[in-house]
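Me: I'm new to reading protein models. Could you walk me through one, feature by feature?

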Amino acid sequence: MEVIKMAADKIRILIVDDIAETRENIRKLLQFESDVDVVGAARSGKEGIQLAQELDPDVVLMDINMPDIDGITATEQVRKRSPHVQVVILSVQSDQSYMRRAMLAGARDFLNKPPLGDELISAIRRAGEMAHAERAKNAQQNFAASVVAGAGGGSSGFAPAHKGKIITIYSPKGGTGCTTLAVNLAITLNNEDTRTALVDANLQFGDVAIFVNEQGKNAIIELAPRVDELEQEVVDEILINHSASGVRILTAPQRPEYAEKISAEQFTKVVQYLQRMYAYVVVDTSHILSDVVLSMFDVSDVIVLVTTQEIPAIKNARLFLDLLQTMGINKNRVIFTMNRYDKRISITPERVSENLKHEVSVTIPLDEKIAITAVNRGVPFMLDNKSQPIGRGIFSLAEAVRGRLITLESETEVSERR
């Protein structure tokens, strides 16, 4: 067991591998990265669990095959005790079953051994960013809890001092997969520390309920008339509890004509009320720029703009980015995402980024079999196929959302101090 003095402002790494040469090679690979600090190394899964508790690293690089406790079991133990710690699995086994088991155990990434330098560094930085985000979120929640406790709890009994974040999923072109991304992103963001609500803003033809096999239940039409007198108990009764994921869902009306009974103001007030109850509120929208959709752009912390490799979708994305400028909305709030990415098509994310002068931050690979099967079953693929490339794409999107929120909060704090 090796313990090394750490630098608090860097991504803190714990290496867990039973081969000394591997531990040393990884350490040498990371020693020239100014934002990374190896704080310790363990020779077994049992030691890894112990050191993770003692050193509280940001990221654990975990070998999958070890003599006492295997890496997957050790990952489960580390994540159970310290949910903010992110684990990157390293394995000579590239079998999909290993990857699936690792992801189900809570691993953030899965790399083949020996990992390429750039690949390892990128995985560490993604995981480190998420670990820092989770630490910040926990600190905010603990502070809010102490404030509420010190004030005697308050009359509402639930309203935190720190509002949740609204994440709107939008594409100006229909059929790009917004609902698939919204549903699976909400499931990925949801955990014990960051409870997540999913809202269907496509009031005429919303499909969120079908995607989770919960159609025919209460909808937003039940809340809209009483937005000025909402109470937590009432909202809880209307929200669907998706038992398989823990996400709470507010669905669209069951009939298109009911959409006219819900104004943009009412819809916005409902979503902002959910902000007081949940760490994240993910909003799925239609491609039509209705008053409801426009109101979501105004109140959203982050907008996930979705495109595909089709020319009409890219053209519409360009028009939308221009529209945001007209509306005075900061483009830094936009996470440009390419869904159904097919490497065989020559229209690459890099070409689109250059052409539209806005970086495509996330790509979700094409996998029609998994995506369509999930919709038809009403079982989102992040519940049973999250280790597949399409699932790892959703993990990347969740990381991008968390990272962007942290950046925007930092920019706001700096601006307020000036």
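**Reading a predicted model**

Reply: Let's start with one side chain: that of Thr285 reaches the backbone oxygen of Ile169 at 2.6 Å. This is a predicted model, where local features need pLDDT of at least 70, side-chain atom pairs count only at pLDDT 80 or more, and totals for chains, interfaces and linings use all residues. Residues are numbered from 1 along each chain as its sequence is written, and side-chain values use heavy atoms, with hydrogens and water left out.

Me: Is Thr285 buried or exposed?

Reply: Buried means under 20% relative accessible area, exposed over 50%, and partly exposed in between (1.4 Å probe, protein chains only). Thr285 has 6% relative accessibility, so it counts as buried.

Me: Which residues is Thr285 in contact with, leaving aside its neighbours within four places in sequence?

Reply: Contact means heavy atoms within 4.5 Å. With those neighbours set aside, Thr285 touches Thr168, Ile169, Tyr170, Ala201, Asn202 and Val293.

Me: Where is the place of Asp17?

Reply: Helices (H or I, at least four residues) and strands (E, at least two) are DSSP runs, numbered from the N terminus. Asp17 is in the loop between strand S2 (11-16) and helix H1 (20-30). Asp17 is also buried, at a relative accessible area of 1%.

Me: What pLDDT does the protein chain average?

Reply: pLDDT is the predictor's confidence in each residue, from 0 to 100. The protein chain averages 88, and 89% of the residues score at least 70. Over residues 3-8, though, the pLDDT is below 50.

Key
Polar contact = N/O pair within 3.5 Å; in protein donor to acceptor, adjacent residues only side chain to side chain.
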